[in-house]
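Visitor: I would like to go through this structure with you. Could we take it one topic at a time?
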Amino acid sequence: MEIVIIGGWAQSAETYAVLAKALERVFAHIASNDLFSGVAIQICPLDRGKSKLHEQLDLLDHHFRAADSSVLWIGCSLGGLHLLQWLDSRLSSGRPASTRDQFPMNEYVALVGTSPHFCELPDTSWPGMPTSALDTMLTDLRIDPSRTVRAFNVLQCKRLPGGRRKAAVKALNSMPSQAAEEVLLEGLALLRDVDLRPAFISCPLPLLAIFGELDSLTGKAVAIASDTLMKQATHPQRLPRIVKVLENAGHYPDAMTSRLIAEHCRAFLQLVGCDTRRLPAHG
């Protein structure tokens with residue numbers, strides 16, 4: 001089993017070290033199972049320099065197919081949108097991506113703090129951030145990128161209780177992204193403009209969507225709207241579509257949130273048939 005974490009806007013690989021450790025700890029409990037005995041975790045941050053993220057994912061995809069590995073793709077926040085775009089491009093390119101039997105390996109998708117459309121759409125009652133907020137961030141980013149990133153760090157933690165909020169903001173500010181300004185601008189434009197609800201519905205793989213109860217960007221309202229959207233899927237294969245809302249969890253995957261995410265990912269893989277007959281119980 002291989003796990004690939006695709007990071008969010010203005011976040012470095014270091015941001016997801018806590019999540020990676022939580023995944024390692026949780027999956028260590030099922031090490032007696034052949035499939036999970038050699039779990040490897042890779043992190044693809046959006047501070048990708050000259051290399052396009054979709055090219056990195058293509059390379060990883062070819063690597064996993066050559067190694068005949070199973071893969072759990074975890075897209076966090078904006079990283080989830082990039083993951084949906086990439087999967088959609090695989091479908092449109094004619095590559096087999098509609099049933100598990102067409103894959104030389106098993107693949108699974110978990111979206112964490114990701115909305116298929118981050119901005120609100122009043123005409124359709126779709127919840128999300130005001131478009132004006134992202135417009136302001138785009139303007140501010142051109143003037144002072146580091147200040148804008150710090151303001152975003154505060155925004156994504158603002159609904160957490162006082163102590164956890166301060167710790168989360170401090171942690172995020174201590175792990176500055178090395179992304180070029182054009183990459184940050186591209187990401188904000190994607191959050192503001194892209195509508196991946198059709199790709200969300202037609203995702204060709206088993207899908208787990210995780211939301212934080214205290215997430216100020218993609219909270220309960222987005223979770224409910226996404227769950228409704230999932231029910232519109234018409235795959236003849238009836239691929240699993242699961243929505244989970246984590247209590248007391250925000251947007252940033254801190255230690256507590258990371259543990260919950262890891263537990264839900266493990267349960268999700270069991271549910272969708274990752275050799276579940278030989279998985280020991282985990283309390």
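This is a predicted model: local features need pLDDT of at least 70, side-chain atom pairs count only at pLDDT 80 or more; totals for chains, interfaces and linings use all residues.

Visitor: How do the axes of H3 and H7 cross?
Guide: Helix H3 (residues 78–92) and helix H7 (residues 181–193) have axes that come within 10 Å and cross at roughly 75°. Angles of 65 to 115 degrees count as roughly perpendicular, so H3 is roughly perpendicular to H7.

Visitor: Which residues meet there?
Guide: From H3, Leu78, Leu81, His82 and Gln85 meet Glu186, Gly187, Leu190 and Leu191 of H7. By class, this contact has 4 nonpolar, 3 polar and 1 charged residues.

Visitor: Moving on to H6, which of Ala168, Val169 and Leu172 are buried?
Guide: Ala168, Val169 and Leu172 are each buried in H6. They lie on the same side of H6, because they cover an arc of only 95° around the axis.

Visitor: What do the buried residues of H6 pack against?
Guide: Their partner is helix H5 (145–157).

Visitor: And which exposed residues are on the face turned away?
Guide: That face of H6 carries Gly163, Lys166 and Lys170.

Visitor: How far does H6 reach?
Guide: H6 (residues 162–173) has 12 residues and reaches 16 Å from first C-alpha to last, close to the 16 Å expected at 1.5 Å a residue.

Visitor: What is it in contact with?
Guide: Leaving aside neighbours within four places in sequence, Cys44 is in contact with Val4, Ile5, Ile6, Gly7, Leu53, Gln56 and Leu60. Val4 is 40 residues from Cys44 along the chain, yet their C-alpha atoms are separated by 7.2 Å.

Terms used:
Residues are numbered from 1 along each chain as its sequence is written. Side-chain values use heavy atoms; hydrogens and water are left out. Axes are lines fitted to C-alpha atoms, for helices over the stretch in contact, and angles run from 0 to 180 degrees between N-to-C directions. Helices (H or I, at least four residues) and strands (E, at least two) are DSSP runs, numbered from the N terminus. Angles under 35 degrees count as roughly parallel, over 145 as roughly antiparallel, 65 to 115 as roughly perpendicular and the rest as oblique. Contact means heavy atoms within 4.5 Å. Ala, Val, Leu, Ile, Met, Phe, Trp, Tyr, Cys and Pro count as nonpolar, Asp, Glu, Lys and Arg as charged, and the others, Gly among them, as polar. The expected span of a helix is 1.5 Å times one less than its number of residues. Buried means under 20% relative accessible area, exposed over 50%, partly exposed in between (1.4 Å probe, protein chains only). The arc is that of the directions from the helix axis to the C-beta atoms.
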